[in-house]
Amino acid sequence: MSTGNHIEAHNLLKSKRLSLYTQDEVIVLMRTDCPVCISEGLTSRSRVRLTSVSGREILATLYQVENDWLTTGEAGLSEAAWAKLGVDDGTFISVSHAPTVGSLADIRRRIYGGRLDEPAFQGIIGDIAAGHYADIHLATFIATCSALPLDIEEICHLTKAMVGAGERLSWDAPMILDKHCVGGLPGNRTTPIVVAIVASLGFTMPKTSSRAITSPAGTADTMETLAPVDLDIDQMRRVVEEQGACIAWGGAVNLSPADDILIRIERALDIDTEGQLIASVLSKKIAAGATHVVLDLPVGLTAKVRSLDKAKILGEHLSAVAANFGLETRCVFTDGSQPVGRGIGPALEAHDILSVLQNNPDAPQDLRKRAILIAAQALELANHVDDGGGLAAAEAALVDGRAWNKFQAICEAQGGMRTPPVAPLTCPLLAQSSGKISSIDNRKLSRLAKLAGAPRQKAAGIVMQVRLGERVTNGQPLLTVHAEAKGALDYALEYAAANPDILKIEE
């Protein structure tokens, strides 16, 4: 007996919305004595195919329950499953075994040391983008690319596959500028300032940015406190046509969508391997239509890149892969020994950005100088000025207000400028002795800001009050923790108390 062209009656269950939030993980819950589970031999953690009456299909991970709130004739859907399947509460869906995912064989081959060719990466990334992989499969792929690092050829294959899995933008301009920082340095929020400077000088810079992976804030998280960033392609194109630039979240425009899926797993694993980092960065630049890209590589003992030698190797690999796709790049090796600016966390970093753009006397000078440096490199790469002349051009656009005016115009075009939120709870961390700040642990600072609630709670994070080499006295505030909830503040303070080496003081 058939109920239509798409689903069979013997596998039918009524959909039930559970309001179960699992981020993007697609989960379905069924009872252990569900007739479909029994007849199909489905057990907990089975991969299943769910099909709606309209014919929409998704793959989900099955978990089983014995509670009375779910009947034997119902399938409980997580919010991610609900959104992807697009059904109404109580409508019938068909449940069956998931088809075999052929590309998993290539992942198994790589676990045992095999290198992968272009068709293999096309298959893997295609299946990831289509939602065929469970989180355990995604984690395995990330881990095997970490244990056996991707070579340059594999990175090129992965990059090409990631570009091909999503949208690709093109622009009516001969040169499209972009920049990217490889990360690992709290507070390094130069992008909005750089975009404003470069666009104010007449260049096109459609900037797409990521949300935080392992940090307390990504550029998209910070920019979202100043203006909407969830622009679709038509909105993004309109803003760029009007203002020459935008600062948007890349995930909203479906550029390299497999990368956004992998980023979610990398965040959970706290892993960001070189090969996937390169493919992630460049696939977004290529998909966004960039022709010239400045790459910022901070170097420091507790940054993502620990030594100048490693930074140079990473820069060479980035440039080599970029050249395969016709991208012109310039690598800039910057100081990664301590945070940039004062704020760590979306809204706190936004306050620093505004301070620099508005030429406030108390603006963090390290953020200002770094943004000018990156903008200068972009202007020189674009042949706007001779090498060495970029600093003066970039600083002039900032000092005379052109960059601030352009930034305001971009924000208005994206949906209106916002005022960043302010946390209701703050608590200073005080020096326990007098002396000189001898080292700052960027990783532990990031952890502290995340425990305070960043980036999910936009106003949460840290405000730094000291710099490396500065002399402090016993009882002097070193930093202030900002939180939106008391529990988060307490967790952060407990962590700080247990890790006094976040900021080391030597007499």
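1. Are Lys285 and Asp178 buried or exposed? In this predicted model, both residues are buried. Their side chains meet in a salt bridge, with 3.4 Å from N to O. The pair links distant parts of the chain, since Lys285 sits in helix H11 (residues 274-287) and Asp178 in strand S7 (residues 177-181), 107 residues apart.

2. The structure holds 29 salt bridges. Another of them joins the side chains of Lys160 and Glu118 at 3.1 Å, N to O. Lys160 belongs to helix H6 (residues 152-164) and Glu118 to helix H4 (residues 118-129), so this contact ties together parts 42 residues apart in sequence. Lys160 is partly exposed, at 41% relative accessible area, and Glu118 is also partly exposed, at 27%.

3. Arg330 and Asp387 pair through their side chains at 3.5 Å, N to O. Arg330 is in strand S11 (residues 328-335), while Asp387 is in the loop between helix H14 (365-381) and helix H15 (390-399). Asp387 is exposed, with a relative accessible area of 60%. Elsewhere, salt bridges with shared partners connect Arg211, Asp221, Glu224, Asp230 and Lys458 in one network.

4. Helix H7 (residues 191-200) is mostly covered, with ten of its ten residues buried. Among them are Thr191, Pro192 and Ser200. Gly202, which follows H7, has a positive phi near 95°.

5. The second largest pocket contains about 320 Å³ of space. It is lined by 16 residues, and those closest to its centre are Leu430, Gln432, Leu478, Ala496 and Pro500. The lining comprises 13 nonpolar residues, three polar and no charged. Helix H18 gives the most to this lining, with three residues.

Methods
Residues numbered from 1 in each chain as written. Predicted model: local features only at pLDDT ≥ 70, side-chain atom pairs only at ≥ 80, totals over all residues. Heavy atoms only, no water. 1 Å grid on protein atoms, 1.4 Å probe; cavity = no way out; pocket = protein on both sides within 12 Å on 5 of 7 lines; lining within 4 Å. Points joined across faces, edges and corners; volume = space filled by probe spheres on them. Helix = DSSP H or I, 4+ residues; strand = E, 2+ residues; numbered from the N terminus. Nonpolar A, V, L, I, M, F, W, Y, C, P; charged D, E, K, R; others polar. Buried < 20%, exposed > 50% of the residue type's maximum accessible area, 1.4 Å probe, protein only. Salt bridge = Lys/Arg side-chain N within 4 Å of Asp/Glu carboxyl O.
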